[in-house]
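These are my notes on one structure, kept in the order in which I looked things up.

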Amino acid sequence: MSDLLKIAGHSYRSRLLVGTGKYQDFAQTRAAIDASGAEIVTVAIRRTNIGQTAGEPSLLDFLPPDQFTYLPNTAGCYSADDAVRTLRLARELLDGHKLVKLEVLGDPNTLYPNMIETIAAAKVLVKDGFDVMVYCSDDPIIAKQLEEIGCCAVMPLASLIGSGMGILNPWNLQIIIANAQIPVLVDAGVGTASDAAIAMELGCQGVLMNTAIAAAGDPVRMAGAMKKAVEAGREAFLAGRMPKKLYSASPSSPSAGLISRT
Amino acid sequence: MPKNMQLTINGKPRSFDASNFSVADLVGQLNLEGKRLAIECNGEIVPRSQFAEVHLVDGDKLEIVGAVGGG
């Protein structure tokens, strides 16, 4: 009974990938991630606070790199050059770690991705030996191009980062999934458990989220809900749903054997 | 050799009372020893294994980064 998520030659039991931002504190981050069951967690690369007290805890103390697969991201990068530079630093930081999340943004208000810069960065990173999971728009042609470049997973948005608007274009996602030979994960836009379940029912290999958990009223509880939703959606996809019909002349109870006055 | 060395670290100028010191010395001076970090000097990554060998010169621009929470 093993239905594993396979990315770049590694297998994972959990199909839920989570971010580590926007939590109250590191303890809450850890509790939510434990409740989510996630094995892959995203982290950002930022300038070290010079002059901070030596004993100050860091994210890595709460999420030891030997217990989780770190997925360093390029959040906040607006050019291919910055993204490549950031991930090279991440590789050095994480002892040669190759699995990365590439995202290059195009607009600070919407956080919509810049796919021209993303493609340019993906080419450099793949050539440089990185395993690139790439955040992208839900354009099927772009998604296919990213696969052809050699990315190990494409991660189209469900809706804009941090919006919680859910899956706005399931049709495009279905086209991307149907055409892809590599895992397709929904990244960004999931707002609640049903959104995650729908993504999985569409045939996504996984879901990546941060704000939906971190900004929930009770993040730890929502993390548990997301775990169940991703599992339920995956099971439903594998089971194969019944066809949709406007109405059905086939009731669930037998038509024969009804009591009668006559 | 200038006695007072000026470096730009994470975008901020800082001066050091030394004319010859390594990346490892800098990490020590900034109380960052033992922390997981990556360092770029003038746009080039300095591998951790070379911290002791790479020496800094006046005007060097350094980026010192770590992992933080993010989505």
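I looked up A:Arg47 and found that this residue stands opposite B:Val65 in β7(B). The model is predicted, and I read every entry below with that in mind.

I then traced the strands involved. β4(A) pairs with β7 of chain B (residues 61–69) in the antiparallel sense, over 5 bridges.

I returned to A:Arg47 for its side chain. A:Arg47 forms a salt bridge with B:Glu63, with 2.7 Å between the closest N and O atoms.

Which elements give two or more residues to the side of chain A that touches chain B? I listed β4 (40–47), α2 (59–62) and α3 (80–93) of chain A. The largest share, 6 residues, comes from β4(A). By type, the residues of this side divide into 11 nonpolar, 9 polar and 9 charged.

Next I took the extent of the interface. In contact are 29 residues of chain A and 25 residues of chain B. The buried area between the chains is about 2400 Å², and carbon and sulfur atoms give 56% of that area. In chain A, the residues that lose the most area to chain B are A:Arg47, A:Ile50 and A:Leu93, together 28% of what that side buries.

Last, I checked a sheet within chain A. This open sheet of 3 strands has the order β6-β7-β8, with parallel pairing. Its edge strands are β6 (99–102) and β8 (153–156), and the twist averages 20 degrees from one strand to the next.

Technical notes. Residues numbered from 1 in each chain as written. Chains lettered and ligands numbered in written order. Predicted model: local features only at pLDDT ≥ 70, side-chain atom pairs only at ≥ 80, totals over all residues. Heavy atoms only, no water. Pairing = 2+ DSSP bridges. Helix = DSSP H or I, 4+ residues; strand = E, 2+ residues; numbered from the N terminus. Axes fitted to C-alpha atoms, helices over the stretch in contact; angles between N-to-C directions. Contact = heavy atoms within 4.5 Å. Buried area = accessible area lost by both parts, 1.4 Å probe. Salt bridge = Lys/Arg side-chain N within 4 Å of Asp/Glu carboxyl O. Nonpolar A, V, L, I, M, F, W, Y, C, P; charged D, E, K, R; others polar.
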